[in-house]
Amino acid sequence: MEKHSLPLHLTHVHKSSTVINRSHALLHCIAIAFLIDYRVSLLFQEPKTSAPPLLPWFLVFTAELLLSFLWLLGIAFRWRPVSRTVFPERLPEDDKLPAIDVFICTADPSKEPTVEVMNTVLSAMALDYPPEKLHVYLSDDGGSSITLLGMKEAWKFARWWLPFCKKYGIKTICPEAFFSCPDDDYDDYGSAEFTVEKQQIETKYEIFKEQVTRATEKWNLEDKSSNSCRDHPSVVEVIGEKYDEKTEDQAKMPLLVYVAREKRSFYSHNFKAGALNVLLRVSGVMSNSPYILVLDCDMYCNDPTSARRTMCFHFDSNISPSLAFVQFPQKFHNISKNDIYDSQIRTVFASSYYGLDGLKGPMLSGTNFYIKRVSLFSLSVRKGMDLKERKNSCGPSNEFRKSLDVDYEPSIDVSDSSNTLMQETKLLASCSYEKNSKWGEKVGFMYHSLVEDYFTGFTLHCKGWRSVYLNPERPQFLGTSTTNLNDLLIQNTRWSSGLVQVGISKFCPFIYGPLRMSLLQSTAYAEFSFFPLLYCLSLWCFATIPQLCLLLGIPLYPEASSSSFYVFLFIFLSAISKHIYDVVSTGGSIITWRNEQRIWMIKSVTSSLYGSLNVIMEKLGLAEASFLPTNKVADDEQVKRYQMGLFDFRTSTMLLAPLVTLVFLNIAAFVCGVLRMIVAGDWETMFVQVFLSFYILAMNYAVVEGMTVRKDNGRISPSVTLLSAVLLVILLFLGSITLKH
């Protein structure tokens, strides 16, 4: 059978998981119905004097409804999980493959080391793809001279690195990762010639690193304190020369372009989405490739075949017309065995995205995706729109507007930086270019949310596009994840703000989605969007109200001997056992489950709280959304604790104090509850509330340990403990006044 008649990819439905998920959903829904019946029946209970005070009862019932509602939304992720297999060896010849533009974004060399960023650039240049059809663009939002210098040094090294990778079929195409691997990984290459060349290339790599490092140290002393990152002109520079087919002895090299968009303090720059839209415009007049790979600056290509794997979908005439993007998972090279912070976001990429792929495809994930360029422009912009209408949508550049035509091919001579089109790119990268246009609204990557990936993916699916999720056995991309609590909470605060921004806007998935996509897909997007806010509210309630009532002697749950008690017991065991099943069935362990439960609680009562409050205050005109890049520079002491499985609590007091206060409250409630049961001899009335405090403390023993046992620098500082004790006294005072009535 000829290879062109064979399928390029196969879809595998997870039938056993589908049956288990749907059966569990049915049983859990029945249990939730019994819980609601129990709560509502208390309203009509006689005599009324035996019922608990209305306010705490109402708050707990509301929290139960919120958790149940979010759980119901999550059914969409488990409805029909699928996985995919591709056959890149069945693709047509290289001359028939479409061109690809690679977008890499960086913002701050002090937090995103230049050497690491250049490793990502080099890995993208080394993809197994025709080099004349590969174009790599780096967006430097900091406008830093050290990043531009790093690009020039990376180009010089690439002239050695790329031929070496091609000659020996190197799989680990990131230089730092390649030279850090044990020699045993290269047994397959074998020959003495390979060993000699590897040593030569490694020497050149060390020289490259040393030059960039020295320049970085000098930059830190001279330029770091300047305001150039927030105020600088646009810069577009082609690094090296593009491959010329007429020059036979010239090594084939991808086009490499440095882009620093103009930044002025009086213009809104729209964070990462704004940077991506500048790259979209600049690349449109320089290469205009039909497909775009988007990478974070710390997410290097770990395998050269990702582009060809992607084309297995785009060359399938059955799926390609409606396919917007192919999403690969985010995986990280610095994850510890224990992963106490759940830095790998395991549930999303090991479970949820398979379920989304069984609907109309996964959400956009910010990095590691190949997207079709035309999907970022509405059909009306691409077809049937005259030049004036295009100008209103896409801005004043005639050359860029022409790039939207199907038959447009850039004629730019990238070796001549003074020509007209190169000057045009600086206009396209100016901060005023988008004024009075539809960029970020109907054109390009979407604005109005700190999570431009989620919002852009949502609007694409609403327009009828679909996506696929591909997770090969060998990670196609590897990044650097957060390995300390401070960066984790800052990151989650930003994500929470962005998700809630969409949820309470006119693009709310409950309102905007159902008319434009399937109900299950809408509920999946809604679960993501409302997850931070609703889990924050419900967990704060479960961590305070039953505990305060326990201290005051107010029962909120049925006695342990009551038949209604088994409804609560079943729901608790059902949720826990299903989570354990999901973790174990996707390669995790009981420790993984415990870590995910703990970090879910910690993030919900801290960063999700502040992220949600930030959006609410912004809506009221009291604050403005902010973006801070997380630190990619690893602190050796923090990394060591992370590898050992010890929390490092060196984060802001504002983030840490609420968590410690809640732990204090649960300690007091648990001790008081146990004493009350012993003295009164009543083990049934308060059992659920005592167990709830015990469970919270058991899951968060690391916090208790950080407050009491540990004496190292990563412990919870005494000042935070003292402040939390004061906050606890205030909480107890307010609770005693409010909840008794």
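A disulfide is a pair of cysteine sulfur atoms within 2.5 Å. Keep that cut-off in mind for the first view, and remember throughout that you're looking at a predicted model.

**View 1. Cys-105, a cysteine without a disulfide partner.** How many disulfides turn up in a search of the whole structure? The search comes back with 0. Take Cys-105: its nearest cysteine sulfur belongs to Cys-297 and sits 8.4 Å away. A disulfide needs the two sulfurs within 2.5 Å, so Cys-105 is in no disulfide. Is Cys-105 buried or exposed? With a relative accessible area of 11%, Cys-105 counts as buried, because buried means under 20%. Another cysteine, Cys-431, is buried too, at 18%.

**View 2. Lys-435, out in a loop.** Follow the chain from helix H13 (420-428) to helix H14 (452-462), and in the loop between them you'll find Lys-435. Its relative accessible area is 58%, and exposed means over 50%, so Lys-435 is exposed. Now look for Asn-392: 43 residues separate it from Lys-435 in sequence, while in space the two are 9.5 Å apart, C-alpha to C-alpha.

**View 3. Helix H17 crossing helix H20.** The crossing itself is left-handed. Which residues meet here? From H17 come Pro-532, Leu-533, Cys-536 and Trp-540, and from H20 come Ser-608, Leu-609 and Ser-612. Sort the residues of this contact by class and you get 5 nonpolar, 2 polar and no charged.

**View 4. Helix H18 crossing helix H19.** How do the axes of H18 (residues 565-585) and H19 (residues 590-605) cross? They come within 9 Å and cross at roughly 120 degrees, which means H18 is oblique to H19. H18 passes H19 in a right-handed crossing. On the H18 side, the contact is made by Ile-576, His-579, Ile-580 and Val-583. On the H19 side, look for Ile-590, Thr-592, Trp-593, Glu-596 and Gln-597. By class, the contact of H18 with H19 has 5 nonpolar, 3 polar and 1 charged residues.

How values were computed:
Residues numbered from 1 in each chain as written. Predicted model: local features only at pLDDT ≥ 70, side-chain atom pairs only at ≥ 80, totals over all residues. Heavy atoms only, no water. Axes fitted to C-alpha atoms, helices over the stretch in contact; angles between N-to-C directions. Helix = DSSP H or I, 4+ residues; strand = E, 2+ residues; numbered from the N terminus. Left-handed = near helix turned anticlockwise from the far one by under 90°. Contact = heavy atoms within 4.5 Å. Nonpolar A, V, L, I, M, F, W, Y, C, P; charged D, E, K, R; others polar. Parallel < 35°, antiparallel > 145°, perpendicular 65-115°, else oblique. Buried < 20%, exposed > 50% of the residue type's maximum accessible area, 1.4 Å probe, protein only.
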